[in-house]
2 protein chains.
Amino acid sequence: MGIYPKAIDRLIAEFSKLPGIGEKTAARLAFHLVDAPASDMTDLSDALLAVRDKVHLCPECFSVTDGERCDICSSADRDRSVICVVENTRDIFAIERTREFGGLYHVLHGAISPIEGIGPKDIKARELIMRLGQNDIREVIMATNPTPEGEATAVYLGGLIRPMGIEVTRLAKGIPIGADVEFADEVTLIKAFEGRSPIA
Amino acid sequence: MGIYPKAIDRLIAEFSKLPGIGEKTAARLAFHLVDAPASDMTDLSDALLAVRDKVHLCPECFSVTDGERCDICSSADRDRSVICVVENTRDIFAIERTREFGGLYHVLHGAISPIEGIGPKDIKARELIMRLGQNDIREVIMATNPTPEGEATAVYLGGLIRPMGIEVTRLAKGIPIGADVEFADEVTLIKAFEGRSPIA
């Protein structure tokens, strides 16, 4: 706009770079901070710089950590023979909240997408194969998203891993708990039929 | 949660303090920055500190500025005999976009709200009265919001200003352009009837 003071315009521009933050929301955030105590801006700035300086990828699973290795990789309580492969770090935390999975993870940092020009070399695929070769792994659970990209990634990696004598599995697809059959999309319904199981 | 690295938890907490940003959105923003180039965090941090250090209130109208006085107060092209009173700085920019108003502004930084314990002393009311006393003002346009708080503020300030021999006006209330009469609320409809004008 150029009608705000330059420093505010710049802060709005920086907020606008964040996902899901349009120019109007960015302006609301910037003016909130202008009216808030100056310490709020200091605190947010400090928090940003702490993440920039302290957080890095775990060299083993490529999750985020502020230690040498991540908490999961350095834990003695995890089953080191099962690796759950996810697209993004946040998927790990979603799965951890279930307290169901006790193995290790591997973060690909993306999924194969020919349309977007993202190939196996652009994700942590080679690192996964190397890791599987160097460790005694029994099963790899492909927990990539049920999207064309996530499927392509699971199929591609599965094709590389199975010949290594490692079992490769894929998360079940179906109707989410609490959802309505009426409103489920066709592909999900087809997957739900395919994956149907006998009532116990 | 405490399941993320500490630095990320702290950044999520800081983002969550912003209006309209819940914990999930804050986590999305934080992880976006973790995956983005480190310069993105540096740039946002720099922008925050620039606002903290450079932006302050205009001593005349209490809008925001990075200069001594704001652009509007220091402009030679504005009608200095009319003051438009608004609750927040952002209202100024909304009005400026119309290019209709050529006078000066006064930002109250709030509105009177007995329920929230906000009285005349908590907003820039005394500063407005002093300013009116020291300058040759013809009209004060009350552009506070058409809410109970904005109305109370307009009525209260009007009662102080009118005895000074200054005309006090209030922005028109009615059905917004493009809206549907069918969906207008009752109070807006009543105000629209009260404020009806002959068809030219």
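In what order do the 4 strands of the open sheet in chain A stand? In this predicted model, the order is β4-β3-β5-β6, and the pairing is parallel. Strands of a sheet pair through backbone hydrogen bonds, either parallel or antiparallel. The edges of this sheet are formed by β4 (104-107) and β6 (167-170) of chain A, each of which pairs on one side only. Direction ignored, neighbouring strands are turned by 25 degrees against each other on average.

Within the sheet, one pairing may be followed in detail. Strand β3 of chain A, residues 82-86, and strand β5 of chain A, residues 139-142, pair in the parallel sense over 4 bridges. Here A:I83 has A:V140 of β5(A) opposite it. Two helices of chain A pack on the sheet. Helix α5, residues 125-134, touches β3, β4 and β5 of chain A, and its direction makes about 150 degrees with that of β4(A). Helix α6, residues 148-161, touches β3, β5 and β6 of chain A; the direction of α6 makes about 170 degrees with that of β6(A).

The view can now be widened to the whole of chain A. The domain assignment gives domain 1, covering 6-54, and domain 2, covering 64-198. Between the C-alpha centres of domain 1 and domain 2 of chain A lies a distance of 34 Å.

Chain A also meets chain B. The contact takes 48 residues from chain A and 48 residues from chain B. The size of an interface is often given as the accessible area lost when the parts come together. For chain A and chain B the buried area is about 4,700 Å², and carbon and sulfur atoms give 72% of this area. Of the area that chain A buries against chain B, 13% is supplied by A:L48, A:R90 and A:F93, which is more than any other three residues supply.

The rule finds 2 salt bridges between chain A and chain B. The side chains of A:D43 and B:K17 meet in a salt bridge, with 3.9 Å from N to O.

Which elements of chain A give two or more residues to the side that touches chain B? They are α1 (6-16), α2 (23-35), α3 (38-54), β2 (64-65) and α4 (89-98) of chain A. The most is given by α3(A), with 14 residues.

Methods: Residues numbered from 1 in each chain as written. Chains lettered and ligands numbered in written order. Predicted model: local features only at pLDDT ≥ 70, side-chain atom pairs only at ≥ 80, totals over all residues. Heavy atoms only, no water. Pairing = 2+ DSSP bridges. Axes fitted to C-alpha atoms, helices over the stretch in contact; angles between N-to-C directions. Contact = heavy atoms within 4.5 Å. Domains from an automatic or database assignment. Buried area = accessible area lost by both parts, 1.4 Å probe. Salt bridge = Lys/Arg side-chain N within 4 Å of Asp/Glu carboxyl O.
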